[in-house]
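Morning, everyone. Please have a look at the chain on the screen, and then we will walk through it.

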Amino acid sequence: MMLNRPNNTLLVKDAFTITADEGDYGKRLDMVISSHIAACSRSLAGDLIRKGIIEVLGSPRKSGYRVRPGDIIAGCIPPPEPVSCIPE
């Protein structure tokens, strides 16, 4: 998956696909993502879901979507934004 950036560059980082199983049944989408991907917190997963970066079966869903076995969750985790620090 690619991300559109303000400077019109496209970045791809840490693309993933999760196939939900019986253990994921009934859990919130953001919880399933954060439990399968160590580098993704529930709040980050929620932000990416709201932005449409993470989809279920090729369609956008809400963070509270209840996952079903066989759901294919796909997306990517964008690289962190650069931080500019100016010394005092």
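What covers the buried residues of α1? The cover includes β3, α2, β4 (55-56) and β5. Cover here is contact, meaning heavy atoms within 4.5 Å.

Some ground rules. This is a predicted model, where local features need pLDDT of at least 70 and side-chain atom pairs count only at pLDDT 80 or more, while totals for chains, interfaces and linings use all residues. Residues are numbered from 1 along each chain as its sequence is written, and side-chain values use heavy atoms, with hydrogens and water left out. Helices (H or I, at least four residues) and strands (E, at least two) are DSSP runs, numbered from the N terminus. Buried means under 20% relative accessible area, exposed over 50%, and partly exposed in between (1.4 Å probe, protein chains only).

Back to α1. Its buried residues include L29, D30, V32 and I33. They sit on the same side of α1, because they cover an arc of only 160° around the axis. That arc is taken from the directions from the helix axis to the C-beta atoms.

Now α2. A45, G46, L48 and I49 are its buried residues. They also lie on one side of α2, since their arc around the axis is only 165°. α1 and β5 are among what covers them. Just after α2, G52 takes a positive phi of about 80°.

Next, the strands. β3 spans residues 15-19. F16 and I18 form its covered face; A15, T17 and T19 form the uncovered one. In a regular strand, side chains alternate between the two faces of the sheet. β3 runs antiparallel to β5 (residues 72-76), with five bridges joining them. Strands pair if DSSP finds at least two bridges between them. T19 stands opposite I72 in β5.

So what is in the middle? The largest nonpolar core has 19 residues. A nonpolar core is a set of buried Ala, Val, Leu, Ile, Met, Phe, Trp, Tyr and Cys residues joined through side-chain atoms within 4.5 Å. Those with the most contacts inside it include F16, L29, I33 and I73. β3, α1, α2 and β5 each supply at least two core residues.

Last, the cysteines. C76 is buried, at 0% relative accessible area. C85 counts as exposed, at 68%. The structure holds zero disulfides, a disulfide being a pair of cysteine sulfur atoms within 2.5 Å.
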